[in-house]
Amino acid sequence: SQLIHEGLPDDADIVDIAAVELYTELRLLDETGEAFDGLAGGDVTDETKLSTDLWADFTREAIDSLTQHSPRNFLQPSVSSWVHNGMFSNWPYSFAAQLASLRGSSLWSDVWEPLVEETPLGHPPVCSLGAYYGFAPSAPTTSSNLVHQVFHTFVYHAVTKYHVWETQRLVVEFGGGFGALCNAVHSAGYKQQYILFDLPIFSQIQAFYLKAHGRAVRSLHQHLAAFHAGEPGVYTASHAQEVVDAVT
């Protein structure tokens, strides 16, 4: 909010620029009520109401935390417990198993090791693999979330014998978190089209995270013509019909 009131300095970096965009979009989503699109209507049962209330609470907490704190720290538990609890702290056991699978692969050094190098954006909770037995001192610093995301691409390769970034012209990810998997796939060399389908609030968080990493991110609704023209990049969408219109 300080950057909004004082304006961007001449030497503002891409993270500052993306942060201002995020703050502006979150305030707009909140004021218009669009942040809660998709969380109402339809047949309501006890189960759907529980799920709807949960995601509505996540949305409210996300707006509050990201408009009151610097997005540079949005992965810190004290800033966004809604991210930390769901994407970092709940996988202590799967983290070890997934990391062991990656480490045991013949492609560890060339492919998986570089991909599990966590970035500092958001200040995520991390661990240095170089401090653990079996890893070289130069092994990367990583997080349970990033290992989990990279493991998805490992499974894809194990099943198909191909890397997703080498064979696919389009990736559609449903529920993209804050964009870690999308960023990892692009870090591996993916240069085609990637659709992230999620609730409006998370689409904005994904746009911030990916833009801050230098990725080209656009709204699918606003840039459908560019998508149909084959322009590469990341496209965010929050309504199922937008994805249908894009791929059909």
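Strands β5 and β6 pair in the parallel sense over three bridges; two strands count as paired if DSSP finds at least two bridges between them. R218 stands opposite Y235 in β6. The model is predicted, so local features need pLDDT of at least 70 and side-chain atom pairs count only at pLDDT 80 or more, while totals for chains, interfaces and linings use all residues. Residues are numbered from 1 along each chain as its sequence is written, and side-chain values use heavy atoms, with hydrogens and water left out.

**Overall composition.** The protein holds 12 helices and six strands, where helices (H or I, at least four residues) and strands (E, at least two) are DSSP runs numbered from the N terminus. Of its 248 residues, 43% count as buried; buried means under 20% relative accessible area, exposed over 50%, and partly exposed in between (1.4 Å probe, protein chains only). Among contacts (heavy atoms within 4.5 Å) with a separation of 6 or more, 63% join residues 24 or more positions apart. The accessible surface comes to about 12900 Å², and 54% of this belongs to carbon and sulfur atoms. Such areas come from the Shrake-Rupley method with a 1.4 Å probe.

| Strand pair | Direction | Bridges |
|---|---|---|
| β3 (residues 170-174) and β4 | parallel | five |
| β4 (residues 193-197) and β6 | parallel | five |
| β5 and β6 | parallel | three |

Within these pairs, F174 has F197 of β4 as its bridge partner, and Q193 stands opposite G233 in β6. Strand β4 is mostly covered, with five of its five residues buried; β6 is likewise mostly covered, with five of five buried. In a regular strand the side chains alternate between the two faces of the sheet. In β4, Q193, I195 and F197 point one way, Y194 and L196 point the other way, and all are buried.

**The largest pocket.** The largest pocket contains about 670 Å³ of space. Of the 26 residues that line this pocket, E25, Q204, S219, Q222 and T236 are the closest to its centre. On a 1 Å grid over the protein atoms alone, a pocket is an open set of points where a 1.4 Å probe fits, with protein on both sides within 12 Å along at least five of seven lines, and lining residues have an atom within 4 Å of a point. The volume is the space filled by probe spheres set on the points, which are joined across faces, edges and corners.

At least two lining residues come from each of α2 (14-32), α10, β5 (217-219) and β6 (233-237). Helix α2 gives the most, with seven residues. By class, the lining has nine nonpolar, 10 polar and seven charged residues. Here Ala, Val, Leu, Ile, Met, Phe, Trp, Tyr, Cys and Pro count as nonpolar, Asp, Glu, Lys and Arg as charged, and the others, Gly among them, as polar.

A207 is found in α10 (residues 200-212) and counts as buried because its relative accessibility is 10%. Its C-alpha lies 8.9 Å from that of S219, 12 residues away in sequence.

**Loop residues with positive phi.** Most residues other than glycine have a negative phi. H123, although not a glycine, has a positive phi of about 55°. This residue lies in the loop between α6 (108-115) and β1 (127-128) and, at 41% relative accessibility, counts as partly exposed. K161 also has a positive phi, of about 70°, although it is not a glycine. K161 is placed in the loop between α7 (144-160) and α8 (164-167) and counts as exposed because its relative accessibility is 61%.
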